[in-house]
Amino acid sequence: MNARVKAWLEILGDLFWLRPALVVLGCILLAQFGVWLETAHVAGFDPSSPDTNWGYSGGAEGARALLSAIASSNIGVAGTTFSITIAALTLASGQMGPRLLRNFIRDGRNQTVLGIFLGAFAYALMVLRTVRTVEEDPFVPHLAITGALVLALVAVGTLVWFVHHIATSINIETVVDAVQQDLCKAIATHTRDEPGADRPGNPPTGRAVAATGGGYVQALDEDALADWAHERGISVTLRVRPGDYVPSGFPIAVLSAPVEGAETAILDAVTLGRRPAALQDPEYSVRQLVEIAVRALSPGINDPFTAGSVVDHLGDALCRIAPRHLPTGVVLRAGRTVLIHPVTDYDGLCDAMFHMIRQNAAGSVHVLGRMLDVLARVAEVERRPDRAADLARHAGLVIAAARRDVADPSDLADLEDRYCRLRGAAPDGG
C-alpha cells in the first residue's frame, strides 16, 4: 500500500468522531430496515400469537413512551460517557504527558462505547417517528421496537464494561504496557533478519530539492522513490527521516544528477503533516515511554517506581532487537544504490531511551540502579561488540551521574558494585 495512503489511514484513526458516526449511521439504517420489514410484511409480527410474545406486543402509546425513555436515557448516558472520557484524558495529560492523549483518543473501545449510546438514541428516534395511533392510521413497528429494547440492554452492559475499561486504561502500568506493545510492533516491522547494504562514506553531492511546506515527516514511500530513481539512472539521498520536522524551504534531498520532475516525485514520496506519526518512526513509542518516565521523576509527581518500570520495558525492547538487524537506509536496484535515507541506528535508539531519563533521575538511586541492572541484562543478551560498547557507554554515563549527585556513601557503593558487575571487573576497576 502507498505510504501516503497509510499515513492518511493513520490520521483517520486520530479522529475521535469517526467511529461513533459510523455506528450511529449503522443504527439509523438498522432502524429503517426494521420498519421496512414491518411495512413490507416480509417478517410479519402478530402480537396475539404465543410464538411472538417474546418481543414488544403493546400499542402505539406504550411504544411512544418506551422509545422516548430509551432515547432520553441513552443521550444522557452518552453525555456522561463523554464527560468521563474527558476526565480521563485530563488525568492522563497531567500525569503522563499530553502526547499520550493520542493513545486514548485512538482507543477504538472508547469510540465504540460512545457510538453505541448515540446509536441507540438515533435508533429510537428513527423508530419513534413511524409510530402512529388510531387517530393517525395506526401503525406500530413491533420488530423495530423490539430491536430498540435489545439495544437498550446492550447499552446497559456497555456502560458497566466502560466503567471497568476506563478505570483500568488510566492505570499507569496499563498505559506503559500498551505503549511498549506498540514499540514491540515497531521493532518487528523496522528490523530485519539479515543485515542491509553498507552506507557509502562519501557525502552526497548534486542538485538539492527543497520542501515547499513545513511539517513533520510522517511517511516515506521508499519503494516508489527507489523505483523512480532506478528508472532514471540516478541516486537520491534524503536528508530527513520519519519523525523529523522539516522547515519550509529546507533541502530534503540531493540528486546525483538533475532530472525533470524530480521535485514532484520526491515531494510525493515524502508525506508531511502537522504532527509526528508512528507509522514509520521506531522512536515514536520510545519518546512516549521516556515522557512517562520524565514526568514521573518531576518534583510534582515524584514517582521513581514508574520511571523504573519504563526502564524495564525499554530494556525488553533492546533485548528484542539483539538478534535482529536495523536497516541501513540503503536501497539497491539491480545491485546499484539508488536511494539513501537516514534511519534510526542502535546508538541513536539507546540515546533516545536513556539520555533524558538519566538526566532527570539525578540523585534517584532507585532509577539509576534500575538503569544499570537493565543495561547489564541487555549486555548479556547482546552479542555484537559495537552494540555492547554503546551499552557500556551509557552505563558509564549513569555511574558518572551517580558519582556526581548521590551523596550517601552506601548508596553510591551499591551503584558502583552494580556497575562493576556490568563491566565484569573488580570493584576497584570501576
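**View 1. Where domain 1 meets domain 2.** In this predicted model, 11 residues of domain 1 touch eight residues of domain 2. Between them the two domains bury about 750 Å², and carbon and sulfur atoms supply 45% of that area. On the domain 1 side, look for M96, R99 and L100: these residues lose the most area to domain 2, together 41% of what that side buries.

**View 2. Stepping back to the domain layout.** Domain 1 covers 3–170, while domain 2 is put together from 182–193, 280–327 and 343–425. Taken over C-alpha atoms, the centres of domain 1 and domain 2 sit 46 Å apart.

**View 3. Helix α5 and its N-terminal cap.** Helix α5 runs over residues 108–128, which makes 21 residues. From the first C-alpha to the last, α5 spans 29 Å, close to the 30 Å expected at 1.5 Å a residue. At the N-terminal end, D107 does the capping, with a side-chain oxygen 3.0 Å from the backbone nitrogen of R109.

**View 4. The open sheet of five strands.** Here the strand order is β1-β5-β3-β8-β7, with mixed pairing. β1 (207–210) and β7 (330–333) are the edge strands; each has a single partner, so one side of each is left without a neighbour in the sheet. On average, neighbouring strands of this sheet are turned by 30 degrees against each other, direction ignored. Further in, β3 (residues 236–238) and β5 (residues 251–255) run antiparallel and are joined by three bridges.

**View 5. The β7–β8 hairpin.** β7 and β8 run antiparallel, with four bridges joining them. V331 has L339 in β8 as its bridge partner. Two residues lie between the strands of this hairpin.

View 6. Helix α8 (residues 222–231) lies across β3, β7 and β8 (336–340). Relative to β8, α8 runs at about 135 degrees.

View 7. Two bridges hold β2 (residues 215–220) and β4 in their antiparallel pairing, and G215 stands opposite V246 in β4.

Conventions:
Residues are numbered from 1 along each chain as its sequence is written. This is a predicted model: local features need pLDDT of at least 70, side-chain atom pairs count only at pLDDT 80 or more; totals for chains, interfaces and linings use all residues. Side-chain values use heavy atoms; hydrogens and water are left out. Two strands pair if DSSP finds at least two bridges between them. The expected span of a helix is 1.5 Å times one less than its number of residues. A polar contact is a pair of N or O atoms within 3.5 Å; within protein, one must be able to donate a hydrogen and the other to accept it, and residues adjacent in sequence count only if both atoms are side-chain atoms. Domain bounds come from an automatic or database domain assignment. Contact means heavy atoms within 4.5 Å. Buried area is the accessible area (1.4 Å probe) that two parts lose on being put together, summed over both. Axes are lines fitted to C-alpha atoms, for helices over the stretch in contact, and angles run from 0 to 180 degrees between N-to-C directions.
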